[in-house]
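Reader: Hello! I have this assembly open on my screen and would like a close look at a single part of it, the places where the chains meet. Could you walk me through them?

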Amino acid sequence: MADVNPIAISILPLRLEAVSFAVNGVAIIDRVSLTIETGPRTIILGPNGAGKSVLMRLCHGLLAPTSGRLSWNVPERPGERRRQAMVFQRQMMLRRSALGNITYALKLAGVSATERKAQGWAALERVGLAPLAKRPARVLSGGEQQRLALARAWALKPEVLFLDEPTANLDPGATAEVERIIHAIHAAGTKIVMSTHNLGQARRVGDEVVFLYQGQLKEHAGVDQFFTTPASAEAEAFIKGELPWLYNDVDSSSPARRLR
Amino acid sequence: MAIQRRRFLLAGAALALIAAHPVDAADKYITVASTTSTEQSGLFGYLLPIFEKKTGIQVRVVAVGTGQALEIGRRGDADVVFVHDKVAEQKFVAEGYGVDRKEVMYNDFVVIGPKSDPAKIAESKDVLGALQKIKAAKAPFVSRADKSGTHAAELRYWKAAGIDIGKEKGPWYKETGSGMGPALNTASGLNCYILADRGTWLNFKNRGDLKILVEGDNRLFNQYGIMLVNPAKHPQVKQELGEAFINWVISPEGQKTIAAYKINGEPLFFPNYSPG
Amino acid sequence: MDVISEAFSQAIRLIGTLDDKLIEIVALSLRVSLSAVAIATVLGLPVGAGLAVAKFPGRQALVVMLNALMGLPPVVVGLLVYLLLSRSGPLGSFGILFTPEAMIMAQTVLILPIIAALTRQAVEDAWNEYREQLTSLGARGWTAALTLVWDIRFSLITAVLAGLGRAAAEVGAVIIVGGNIDGVTRVMTTTIALETSKGDLPLALSLGMILVTLVLLLNAAAQSLKQLAERRYG
């Protein structure tokens, strides 16, 4: 059962051509060329400070490249319903109920009032949050808020779902829940692009790996191939756990905020 | 959530209702620009209810300094002007802003000062002599300095006393630029001499160490005049209602009512309208 | 010291006997200031919220100017509105000078920048928090601004209270455009000014105490509303 409309032209593939993002002359993302296709779950992998979050935000349209080109198969026009969604490392829930946060997003997507409620409830059921539907979203635990964010993203039925280190702040139990939900979203037809620095998670969740180091694309390969025979020295060192923490790594969940 | 929004809308509607109060019910009213000293003497509180009861016309008094009252008249924001600066009033009429000035009543000014009376002006009926003594002693003196009728009178007295106060003033001469009440407050606080109208003084409660030191000089009489704002210049002036008020004030009944207003058994104003 | 204790007992007496004049003056004060706050909120909230999320050349200058206008001297506002409403002025034909409506207008002008500027600050802070999420969901421009305003609605109570405080406390604007006419445009602050100038300091002070108490009660009510909401919505 595919939730995503198979008849409409897909917005994928997403093409990055020598995309750079520099702040005050410092290149956070350095000439990355990459194609993101329909199908495989893509993991953006790299140590803290590699530029994963910035790359995700460039793809999702929250930042504009300072040079290079970034193009979707179907260009996005402002005012149109968005066909991609994003889940951030830290949640920004509105001061409404859990259900209210989902219906808000659905309203933005142009869903009718009665449909909004039905779809909202369904989304909450899928992630096991139905009992907390009327609770204020901001009093939920970290793991619950993350599940709520996923429910919201899922309800929007996006073609592409970006996830920026979604389990970095969660305990193993909550992490497992989140990964389970991501798997289900993918099964329903959404393309997954997720960043992480966690090797185990990359292996569990990903089909292909995009390895980033100091803003540069070092490798793009299938997950098995990447882990068994990494092509670059940095990738090898990272897998072995030998890559040093980088100088400019700060809060990897909001590099864009740092740059403001 | 929907319920919250409804509650907000209700609150908003309630607020809008407060704002949308019906326009004042009194259709028959006139605006009279007068002075703070007249208002604070309590005359209007006594006089106007009688007029209102008789004619059903509400009289709304905007009480400001004489200068401002005449300016309000010039701009057409009042129907009647009722102040006490003969020279300024005559100019007002000559310039075409007012019609038909009539003299209504007079009250008097008094020279007030500290009981200790450092300049020794007390028990004299001579206001000019008193001012000369004050200047000679450089005794602290408060001037309203606000283009009011009282201020204009004060300046006339200095001039008549042969003193060019603009040139000859010093730190002892304190110009407050304020109404009679605030100026009295200042004088009371600093123990200064001051020229005031009797009406405000009788009603004034913060006297401190001050008392009346000079009174009764003929020159201290303060003439009030009333004028209709010229309808030719400002067509929206309520000519009929304004004239009703003016005519009542100068009528024998109005004049008697003015004379009947007393504080502690003392009349404040002396009606002196004469048709001639 | 005597003045204060006399003022205190006079205040109790005025309230206890529900003095007619007092009721009249208090009712008018509330009507004028609450109306001004209502209108200024309806106008100022969208201005502040829009300015918070918009991006255009000169925005920073506008923000600075709006902040500066918070300090508009009431007497200057009164004078300007008087010149507007005077029969010799552009809006003279409406004939609302020396009426409560003129006072509402003057106070609205006075507190509009306060409500708009404080709203802008609060919404901008919220925008910084929510910007990525809202942009991701496709909320932009007015949609985003209104979402933020609704989200922080209880913090905005503080902005509204600031406006109310300013309006209830000022005398310079209402005395010029209202004329302090007995029974028509006399409010608490102008009465206090009048009684002070008549030298009746205990009465003036007692009215002052009543005014401050009133504003305190309004603030307390708003604060408890805010806390209630915070507990409910987190």
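**Where the chains meet**

Author: Happy to! Let us begin with chains A and C: 27 residues of chain A are in contact with 21 residues of chain C. Please keep in mind as you look that this is a predicted model. Between chain A and chain C about 2200 Å² is buried, and carbon and sulfur atoms give 52% of that area.

Now for the charged pairs. Three salt bridges are counted between chain A and chain C. One to find on your screen is formed by the side chains of Arg95(A) and Asp151(C), with N and O 2.8 Å apart. Asp151(C) lies in helix H6 (residues 141–151) of chain C, while Arg95(A) sits in the loop between E5 and H2 of chain A, so this pair joins two chains. The two partners can also be described by their accessibility: Asp151(C) is buried, with a relative accessible area of 2%, whereas Arg95(A), at 22%, counts as partly exposed.

On the side of chain A that touches chain C, the elements giving two or more residues are helix H1 (52–60), strand E5 (84–87), helix H2 (98–108) and helix H9 (255–259) of chain A. Sorted by class, that side of chain A has 15 nonpolar, four polar and eight charged residues.

Next, turn to chains C and B. Here 29 residues of chain C are in contact with 31 residues of chain B. Chain C and chain B bury about 2600 Å² between them, with 58% of it on carbon and sulfur atoms. Of the two pairs of chains that touch, chains B and C have the most contacts.

Two salt bridges are found across the interface of chain C and chain B. In one of them, Glu39(B) pairs with Arg186(C), and their closest N and O atoms are 2.5 Å apart. The interface of chain C and chain B also has nine residue pairs in polar contact, again with both residues at pLDDT 80 or more. The side of chain C that touches chain B draws two or more residues from each of helix H2 (20–53), H4, H5, helix H9 (188–197) and helix H10 (201–233) of chain C. By class, this side of chain C has 13 nonpolar, eight polar and eight charged residues.

What about the remaining pair? Chain A and chain B do not touch, and their nearest C-alpha atoms are 8 Å apart.

While you have chain C in view, two of its residues are worth a visit. Thr99(C) lies in the loop between helix H4 (74–85) and helix H5 (100–137) of chain C. Thr99(C) is buried, with a relative accessible area of 5%, and a polar atom of its side chain lies 2.5 Å from the backbone oxygen of Ile96(C). The other residue, Lys226(C), is found in helix H10 of chain C. At 17% relative accessibility, Lys226(C) counts as buried because the cut-off for that class is under 20%. Leaving aside residues up to four places away in sequence, Lys226(C) touches Phe154(C), Ser155(C) and Thr158(C).

Chain B has a strand to look at as well. All seven of the seven residues of strand E2 (residues 58–64) of chain B are buried, so the strand is largely enclosed by the rest of the structure. Both faces of E2(B) are covered, with Gln58(B), Arg60(B), Val62(B) and Val64(B) on one side and Val59(B), Val61(B) and Ala63(B) on the other. E2(B) pairs with strand E1 (residues 29–35) of chain B in the parallel sense, over seven bridges. Within this pairing, Tyr29(B) stands opposite Gln58(B).

Arg77(A) is exposed at 54% relative accessibility, and Glu80(A) is partly exposed at 38%. In chain B, Glu175(B) forms a salt bridge with Lys169(B), their closest N and O atoms being 2.9 Å apart. Glu175(B) is partly exposed, with a relative accessible area of 42%, and Lys169(B) is partly exposed at 38%. Salt bridges that share partners also link Glu39(B), Lys21(C), Glu24(C), Asp182(C) and Arg186(C) into one network.

Terms used: Residues are numbered from 1 along each chain as its sequence is written. Chains are lettered from A and ligands numbered from 1 in the order in which they are written. This is a predicted model: local features need pLDDT of at least 70, side-chain atom pairs count only at pLDDT 80 or more; totals for chains, interfaces and linings use all residues. Side-chain values use heavy atoms; hydrogens and water are left out. Contact means heavy atoms within 4.5 Å. Buried area is the accessible area (1.4 Å probe) that two parts lose on being put together, summed over both. A salt bridge is a side-chain nitrogen of Lys or Arg within 4 Å of a carboxyl oxygen of Asp or Glu. Helices (H or I, at least four residues) and strands (E, at least two) are DSSP runs, numbered from the N terminus. Ala, Val, Leu, Ile, Met, Phe, Trp, Tyr, Cys and Pro count as nonpolar, Asp, Glu, Lys and Arg as charged, and the others, Gly among them, as polar. Buried means under 20% relative accessible area, exposed over 50%, partly exposed in between (1.4 Å probe, protein chains only). A polar contact is a pair of N or O atoms within 3.5 Å; within protein, one must be able to donate a hydrogen and the other to accept it, and residues adjacent in sequence count only if both atoms are side-chain atoms. Two strands pair if DSSP finds at least two bridges between them.
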